[in-house]
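This report covers the pockets and the salt bridges of one protein model. The sequence and structure come before the text.

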Amino acid sequence: MVTIVDYGMGNLGSIVNMFKKINVQAKITKDINEIEKADKILLPGVGAFDAAMSKIKESGFTQVLDYKAKEQKVPVLGICLGMQLLTDSSEEGVLPGLGWIPAKTIKFNFTKESGLKVPHMGWNLVKENRPSKLTIDFEEESRFYFVHSYYVKCENDENSILKTNYGLTFDSAIQKDNIFGAQFHPEKSHKFGMKLLKNFEAI
């Protein structure tokens with residue numbers, strides 16, 4: 001069972017539907033007691049960094065999430081904004097992140113001459129940086145659907161498991177021990193997203 005944390009900022013319905021497609025049990029909850037019992041946690045997120053961190057704090061989730069991730073070491077997956085929340089900080093706001101993976105979230109800043117638009121939106125390839133249980137048996141040309149204006153840069157390259165190029169090379173999936181993040185939307189990424197979520201369920 002994958003427990004999807006509902007703190008008020010996430011595309012929850014489509015995530016649950018994707019889990020149904022791959023025959024994985026998943027439930028959405030705002031109940032701290034349910035999160036305390038979880039054996040796998042998914043942290044979604046769509047929107048602004050500070051608003052998300054504020055909602056997590058206001059919901060009383062910070063302590064239980066810290067305990068589950070750092071003490072009990074249950075597998076945790078942050079997706080899109082949920083991955084950025086795993087980092088220390090974001091240029092999008094002033095509040096600290098959860099700080100579970102040493103990394104910073106940085107704004108894409110391209111010149112007009114580059115022809116690159118922000119947000120980075122659409123399908124893009126990922127390249128393995130190091131092996132991970134999250135990416136076992138990925139196809140060589142795995143591609144995922146992205147929508148983001150900020151990207152993650154790990155302090156330690158060992159925490160980067162996938163990289164993607166969009167004007168620069170950024171960390172598109174990250175890991176530290178039991179904590180994983182994916183910048184793209186697996187729930188919008190068809191067979192590639194299904195594979196990643198199946199891998200997460202199997203961890």
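## Largest pocket

In this predicted model, strand 8 (127–128) and strand 11 (160–165) each give at least two residues to the lining of the largest pocket. Strand 11 supplies the largest share of that lining, four residues.

The largest pocket has a volume of about 210 Å³. It is lined by 15 residues, and those closest to its centre are Val126, Lys127, Glu128, Glu139 and Glu140. By class, the lining of the largest pocket consists of six charged, five polar and four nonpolar residues.

## Second largest pocket

The second largest pocket holds about 170 Å³ of space. Its lining is made up of 13 residues, with Gly47, Cys80, Val147, His148 and Ser149 nearest the centre.

Seven of the lining residues of the second largest pocket are polar, five are nonpolar and one is charged.

The whole structure contains seven salt bridges. One of them joins the side chains of Lys30 and Asp6, with an N to O distance of 4.0 Å. Lys30 sits in the loop between strand 2 (26–29) and helix 2 (32–37), and Asp6 in the loop between strand 1 (2–5) and helix 1 (12–21), so this pair ties together parts that are 24 residues apart in sequence. Lys30 counts as exposed because its relative accessibility is 58%, whereas Asp6 is buried, with a relative accessible area of 16%.

A salt bridge also links Arg130 and Glu158, whose closest N and O atoms are 3.7 Å apart. Arg130 belongs to the loop between strand 8 and strand 9, and Glu158 to the loop between strand 10 (150–154) and strand 11; the pair therefore ties together parts that are 28 residues apart in sequence. Arg130 counts as buried, at 18% relative accessibility.

## A salt-bridge network

The side chains of Lys163 and Asp157 form a salt bridge with an N to O distance of 2.9 Å. Salt bridges with shared partners join Asp157, Lys163 and Asp171 into one network.

Is Lys163 buried or exposed? Lys163 is buried, because its relative accessible area is 17% and the cut-off for buried is under 20%.

Technical notes: Residues are numbered from 1 along each chain as its sequence is written. This is a predicted model: local features need pLDDT of at least 70, side-chain atom pairs count only at pLDDT 80 or more; totals for chains, interfaces and linings use all residues. Side-chain values use heavy atoms; hydrogens and water are left out. On a 1 Å grid over the protein atoms alone, a cavity is a set of points where a 1.4 Å probe fits but cannot get out, and a pocket is an open set with protein on both sides within 12 Å along at least five of seven lines; lining residues have an atom within 4 Å of a point. Grid points are joined across faces, edges and corners, and a volume is the space filled by probe spheres set on the points. Ala, Val, Leu, Ile, Met, Phe, Trp, Tyr, Cys and Pro count as nonpolar, Asp, Glu, Lys and Arg as charged, and the others, Gly among them, as polar. Buried means under 20% relative accessible area, exposed over 50%, partly exposed in between (1.4 Å probe, protein chains only).
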